[in-house]
Amino acid sequence: MKKGIIAALLAVSLLAGCGTGGQTNNDGPEGNGAAETGSELVELAYWRPQAGEEEDNAYVQRVEAFNKAYEGKIKLNMEVITRGNSFAYEDKINAAVASNTLPDVVALDGPNVANYAASEIIIPLDEYFTEEDMNDFVPSIVQQGSYQGKFYAPGLIESSVVLFYNKKIMDKYGITPPDKIENAWTWDQWYDVMKQTAKDGVFGTNMINDKGEWMTYAFEQFWISNGTDIVNPEGTEAEGWVNSGQGIEAASFLQKLANEKLFNIDPKPTEFEEGKAATKLGGPWNIPGFKNYPDLEWGITYFPKKAGGTQTAPSGSWAVGVSANSKHPKEAAEAVKWLTNKDSSVVLAKSISMPANRKSAYESLPEYDELPLRVIKEQVTTVSRARPVTPAYPVLTQKFAEALTDIMMGAEVKKSLDSVAATYDDEYKRNFAE
Amino acid sequence: MTDRTVKLLLNLTNIVMSILFITPLLWMVVSSFKPETRIFADLSSIKALLPLNFTLDNYKAAFDRIPMMKYLNNSIFYVSVIAISGLAVNSICGYALAKLHFKGREFILSAVIALMIVPFESILMPLYFIVNNLQWVDTWPALIVPFVANSFSIFMFRQFFMDIPNEILESASIDGSSPMKTFVSIVVPLSGPVFATVFILDFISHWGDFMWPILVTTGESLRNVQLGIQTFFTLPPVFYGQIMATLTFTTVPIILLFLLLQKYYVQGITSSGIKG
Amino acid sequence: MQTAASTKALNQKSESASLGRQKRRETVAGYAFITPAVILLIVFLVLPFLFAILFGFTKFNLLRPDKIQFIGFENYKILFQDSLFYKSLFNTLYFTAIVVPVQCAVALMLALLVNHRLKLRNAYRIAYFSPVVTSMTVIAILWIYLYNPNEGLINSALNFFGIPNQPFLRSANQAMHSIIFMSVWQAAGYQMMIFLAGLQGIPGDLNEASSIDGANKFQQLRFITLPSLYNVTVFVLTITTIQAVKLFVQPYIMTNGGPENSTRTLALLIYQQGFQFRNAGYASAVSVIFFLIVVFISFSMKKFLRDK
């Protein structure tokens with residue numbers, strides 16, 4: 001089949017009068033020429049999606065440091081791909097896979113690790129990481145980067161979701177949010193706070209960043225906290241998990257908040273900053289923006305949990321892996337290690353106010369020992385959970401996000417979750433079951 | 001009703017309707033000159049459309065972040081090449097389908113219409129394979145050549161050329177003028193409005209190119225304005241002021257082009273010899 | 001038989017040698033004129049689409065091009081059992097059925113409004129055309145805010161008249177209509193431009209002569225303006241239909257197909273399956289069915305318009 005397609009494509013090339021159809025299409029990543037001619041220098045291509053300015057600069061700094069440290073041996077050429085607010089970067093990867101032009105080192109979003117690993121686009125890196133190294137990563141990084149017992153891609157940084165609160169509003173109602181993880185608000189306590197504070201054009205909370213990946217990233221934890229998840233631990237089945245009794249309970253809680261208008265389904269991005277929401281489910285990335293609002297006095301407390309349930313928190317980040325196309329996997333793994341070592345972790349964490357991916361990095365980040373950031377560190381290093389590790393993740397997240405959004409707008413809870421389970425199980429059976 | 005009252009009524013209707021249509025553009029432009037914190041804070045009142053707290057910070061920050069002028073030049077260059085070469089290729093094809101008789105004409109016309117229907121999403125990957133095989137990735141031809149011929153433009157030209165009276169063409173042909181000469185010296189001058197319309201519609205549609213350039217370009221050198229804009233849609237926090245600034249900056253050329261082409265609308269009437 | 005035919009042809013030829021030469025010249029010119037466009041279309045549109053049709057018969061994960069597998073009509077079997085496909089098809093046709101007549105009428109009205117010799121007409125034209133050139137991101141932010149179920153401007157206006165808050169985009173019953181309303185507003189300027197180009201071709205004499213004959217403005221419109229716009233109108237209706245069935249951006253940005261799939265369209269389904277889920281085979285099968293349905297609609301419409 002593939003041969004037929006290639007042959008037809010060759011015909012096209014000739015038809016177009018270009019006559020270059022003989023191209024083998026198996027060149028692999030660019031920039032390997034030097035190694036092949038016998039020189040010592042190995043050139044590696046590295047793709048990653050464009051991020052914010054500070055983050056971009058941090059990567060440039062770390063790549064320059066790498067090239068200096070390995071001068072004459074390895075040269076890492078970083079190519080920044082526009083990502084936008086869509087799947088443009090993933091589409092670019094799809095195209096590169098189809099044409100065998102993946103770079104040696106490739107950045108990928110955490111939940112895609114399983115998908116890429118199952119498709120054999122990236123290779124396992126276990127042999128390059130010592131046990132000590134692995135233990136130094138926060139647990140969610142290892143969970144996110146592993147597929148079927150092998151470790152493929154370490155996260156560059158971590159993330160977390162906490163509950164921000166508006167101090168003035170809390171003071172007004174005499175509410176003292178917890179500052180110890182064992183006292184974290186339960187859903188019911190949080191609900192009471194929202195009920196109390198939601199008046200005069202102020203919402204009880206602000207919790208919709210977008211209606212896509214955010215929905216899975218933030219709200220899967222409600223399932224986990226209630227003792228279930230949205231798929232089984234093996235990632236092979238959603239039936240009986242996403243739509244389990246506990247799952248329905250979690251979704252119903254979120255629906256109750258929506259029905260009682262305790263949050264805005266289409267909030268302005270700056271609702272909390274303008275004092276129009278008493279609390280906010282958000283992440284460390286929100287913090288730099290707060291300083292533009294001098295009237296805002298804010299604090300951080302823990303991700304709410306189910307009474308008697310598990311304390312948990314979202315996590316996840318972009319990771320780096322070595323592509324199966326690479327002719328220099330050893331050198332590429334060297335680069336991956338460098339980009340995720342303690343120094344890189346510290347540089348990144350400092351530049352973008354995101355929590356570090358390594359426990360040891362926090363030694364150099366004293367600001368995380370004090371409130372408010374201590375909350376983030378505690379969550380990241382102890383209770384955070386990665387999103388489901390499954391090759392069918394693209395379907396899972398899309399359908400889950402759609403269903404949860406529907407539920408928040410009043411759709412029948414069980415029916416919506418049943419449909420997620422059915423679609424996911426179908427997809428998994430059709431495309432990933434052995 | 002007198003002419004004067006008709007004019008007054010028309011102007012009134014037009015003014016009310018114009019406000020309803022232009023508000024988003026106005027909001028975008030005004031917001032681009034506001035501090036980040038005011039953009040959404042002002043949204044719930046008329047302040048949203050008033051240039052309060054004027055600042056150029058968004059533009060400074062945006063231009064600091066990316067080489068916007070370079071992206072603009074790139075876009076102007078390749079989109080103009082598509083649109084101009086498109087005018088040539090598609091207009092003669094549309095003319096043949098409208099006025100020349102040859103076997104298979106109806107079939108070609110139907111095929112052209114059918115091709116307008118093909119969803120671009122479904123051919124994106126196969127088209128990428130072809131362009132990759134031609135070794136055009138990361139070169140201008142990848143952005144230009146596949147889009148020169150355009151079934152939409154062909155069909156539009158064809159429909160407009162149908163309205164040209166046959167007598168004019170026949171008399172030229174009897175005078176011994178070749179079909180090409182007839183087309184260039186008679187049809188083209190008669191068709192200012194349609195050429196202008198096809199040009200601007202084609203230009204706008206490619207000005208918005210995003211998915212395709214992502215696939216076929218990797219380096220910095222061929223990036224267009226849409227890729228520039230998308231730089232600012234990153235992980236949160238998203239700076240809407242900078243987004244509004246780049247969007248405003250990239251919409252201006254289109255508005256200028258639109259104004260520029262207005263004169264061809266009038267030209268269509270005068271040059272056809274029917275009173276202007 | 002053959003001899004008779006050729007004799008006849010020969011006779012015709014001798015009768016009108018010059019006419020024949022001209023006809024031949026026209027045929028040659030015809031083929032020459034279409035060649036550049038046809039070659040480009042074949043290479044960059046027909047061929048890729050043939051591949052898409054081929055992919056429709058395969059199981060093809062975009063990340064596993066090495067594992068592409070021929071599965072016959074399996075994708076089509078799945079598709080015809082997929083309730084989401086029927087739902088998307090229905091939504092697509094519903095959107096098209098409303099948007100095409102409404103949008104074309106609005107566009108024609110706008111074109112007539114700015115076809116007069118008014119001092120500010122260029123400003124009006126820019127205003128009507130501006131939603132077409134303004135980024136969809138900006139438009140979406142504003143309309144999502146206008147439609148906000150809790151605090152939107154439209155709801156404030158409704159409250160003023162004693163009508164309670166409406167959910168608009170966030171309700172399965174109202175979402176599609178909210179998108180339709182917005183789409184007409186957003187895209188009418190596009191068709192206006194084409195009508196305007198068409199109106200410029202109508203000789204001013206005709207309208208003036210008729211106005212001397214005592215025809216009022218409405219009669220002028222009905223009996224002179226509209227008939228002379230026939231070819232343009234056919235074009236506008238056809239392309240509006242084709243653009244409408246491809247509805248993608250508005251639901252993608254504003255509702256992501258929801259709530260409860262009430263704004264899921266075929267184009268959205270194709271994108272989601274083909275790119276997000278990487279099921280290129282299945283997505284191609286949907287494209288093929290989509291293509292066949294729309295071809296059927298456009299050609300029956302064309303026939304209907306011609307037979308009129």
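User: Into which domains is chain B divided?
Analyst: Keep in mind that we're looking at a predicted model. In chain B, one piece covers residues 3-55 and another covers 65-271. Those are domain 1 (3-55) and domain 2 (65-271).

User: Which helix gives the largest share of the side of domain 1 of chain B that touches domain 2?
Analyst: Start with the contact itself: eight residues of domain 1 of chain B meet seven residues of domain 2 of chain B. On the domain 1 side, α1 (3-32) and α2 (36-41) of chain B each bring at least two residues. The largest share is four residues, and it belongs to α1(B).

User: What classes of residue make up that side of domain 1 of chain B?
Analyst: Let's sort the residues of domain 1 of chain B that touch domain 2 of chain B. They split into four nonpolar, two polar and two charged.

User: Now the chains: which helix supplies the largest share of the side of chain A that touches chain C?
Analyst: Here 27 residues of chain A are in contact with 27 residues of chain C. On chain A, α1 (2-15), α4 (88-98) and α16 (393-408) each give at least two residues to that side. The largest share, six residues, is from α16(A).

User: How many nonpolar residues does the side of chain A that touches chain C have?
Analyst: Sort that side of chain A by class, and you find seven polar and seven charged residues. The nonpolar count is 13.

How values were computed:
Residues are numbered from 1 along each chain as its sequence is written. Chains are lettered from A and ligands numbered from 1 in the order in which they are written. This is a predicted model: local features need pLDDT of at least 70, side-chain atom pairs count only at pLDDT 80 or more; totals for chains, interfaces and linings use all residues. Two residues are in contact if their C-beta atoms, placed from the backbone, lie within 7 Å. Ala, Val, Leu, Ile, Met, Phe, Trp, Tyr, Cys and Pro count as nonpolar, Asp, Glu, Lys and Arg as charged, and the others, Gly among them, as polar. Domain bounds come from an automatic or database domain assignment.
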